[in-house]
Number of protein chains: 2
Amino acid sequence: MADQGSVRARQVVEVARGVLEREGAGALTMRRIAEELGIQAPSLYKHVPSKSALESAIITSGFEEAAASFAAATEGAADPLAAFVTAYRAFAHAHPHLYRLMTDRPLPRPDLPPGLEGRTAAPLQRATGDPSRARAAWAFIHGMVLLELTGRFPDDGLTEQAWSSGIEAMRPPAPPVP
Amino acid sequence: MADQGSVRARQVVEVARGVLEREGAGALTMRRIAEELGIQAPSLYKHVPSKSALESAIITSGFEEAAASFAAATEGAADPLAAFVTAYRAFAHAHPHLYRLMTDRPLPRPDLPPGLEGRTAAPLQRATGDPSRARAAWAFIHGMVLLELTGRFPDDGLTEQAWSSGIEAMRPPAPPVP
DNA sequence: GTCTATAGTGGGATAGAC
DNA sequence: GTCTATCCCACTATAGAC
């Protein structure tokens, strides 16, 4: 009953994430997940204790993937801030429903592996060089992504300009050249 | 049947908005709204054609209030950008559930009064002086507000610094002084 | 590990009487 | 303008047999 670490449990999470990504949060039901696995919904409860635990597992998998992608994109990059923005924007656009699940509500922090949240944010901290600038930069990127995903911006070319002007504005001050 | 302009219809919208603001989107059900009015849920359909039309009406009322507040805050202000940010942040924090309903999903544009969306955004356009900078500034403010509402930032003092550094970064370049 | 059966709750919406 | 009755849908979760 509810062996969260078992192979089958991991498979349930994987399938559930697939349903979420393809069909959106409204389709993420125990019935739909079971159907995808070819079993009945009640059987899921032998592997996962509850729906919210399952959502936490999906969120964890999203953060792990995002953290790896942000670290890979920025390490050794000539322009780490631009590299981070590109990777972040790509992640959100590739997984819009997952991204919303990860950001829409307060994080279920007790259910996440310790350090994961910080590890995901670290590359941006390094790129901005200052915690308060990192928060501002994150807010800008998060806001841009959401406004894009909800179709808020007119479809002229100006949104790309908005991205670049925002990125330039968030740069750390250039170090003095002696 | 479904006289959307009638007094009673406006009252339904008002009560529904109250339920949303006090109890969140999960409580915004036809049954709950009816209960608040002391009638049965099916009776609502004599005044409102559907739940989604009711949501559109709530969204409209939110935009009308926001537009008025942003215009009042910025007109004649010494620092229109700072004034806009203060008013926007205050609106979102005063009406978090309404704010999310207004921004979480694609706007039901066909159901909104023409020009309302643009009127709401106009004060920020004026304050930034440039459409692409306005989008970047909006994204920053929207992102900050959401990250605050979802409890993403640690509760140290740095978030206020993030607000100010972001605002300064979004300012239009100073006009050349002859 | 899966099944059936079921409890319990909630939702949006319609028909037709008054 | 409100009511009752009702439909049909959906969901999470548990118990107990196999």
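How many residues does the contact take from chain A and from chain B? Select both sides: 37 residues come from chain A and 37 residues from chain B. Contact here means heavy atoms within 4.5 Å.

Before going on, note that this is a predicted model, in which local features need pLDDT of at least 70, side-chain atom pairs count only at pLDDT 80 or more, and totals for chains, interfaces and linings use all residues. Residues are numbered from 1 along each chain as its sequence is written, chains are lettered from A in the order in which they are written, and side-chain values use heavy atoms, without hydrogens and water.

**The interface**

Show the surface between the chains. About 2,900 Å² is buried there, 60% of it from carbon and sulfur atoms. Buried area is the accessible area (1.4 Å probe) lost on putting two parts together, summed over both. Now pick A:Ser132, A:Arg135 and A:Arg152, which supply 27% of the area that chain A buries against chain B.

Next, zoom to B:Arg135 and A:Asp156. They form a salt bridge, with the closest N and O atoms 2.8 Å apart. The rule (a side-chain nitrogen of Lys or Arg within 4 Å of a carboxyl oxygen of Asp or Glu) finds 4 salt bridges across this interface.

**Inside chain A**

Move to helix H1 (residues 7–23) and helix H3 (residues 51–74) of chain A, whose axes lie 9 Å apart at an angle of about 80 degrees. Helices are DSSP runs (H or I, at least four residues), numbered from the N terminus. Axes are lines fitted to C-alpha atoms over the stretch in contact, and angles run from 0 to 180 degrees between N-to-C directions. H1(A) is therefore roughly perpendicular to H3(A), a label for angles of 65 to 115 degrees. Finish on the contact residues, among them A:Val12 and A:Leu20 of H1(A) and A:Leu54 and A:Glu65 of H3(A).

Terms used
Helix = DSSP H or I, 4+ residues; strand = E, 2+ residues; numbered from the N terminus. Parallel < 35°, antiparallel > 145°, perpendicular 65-115°, else oblique.
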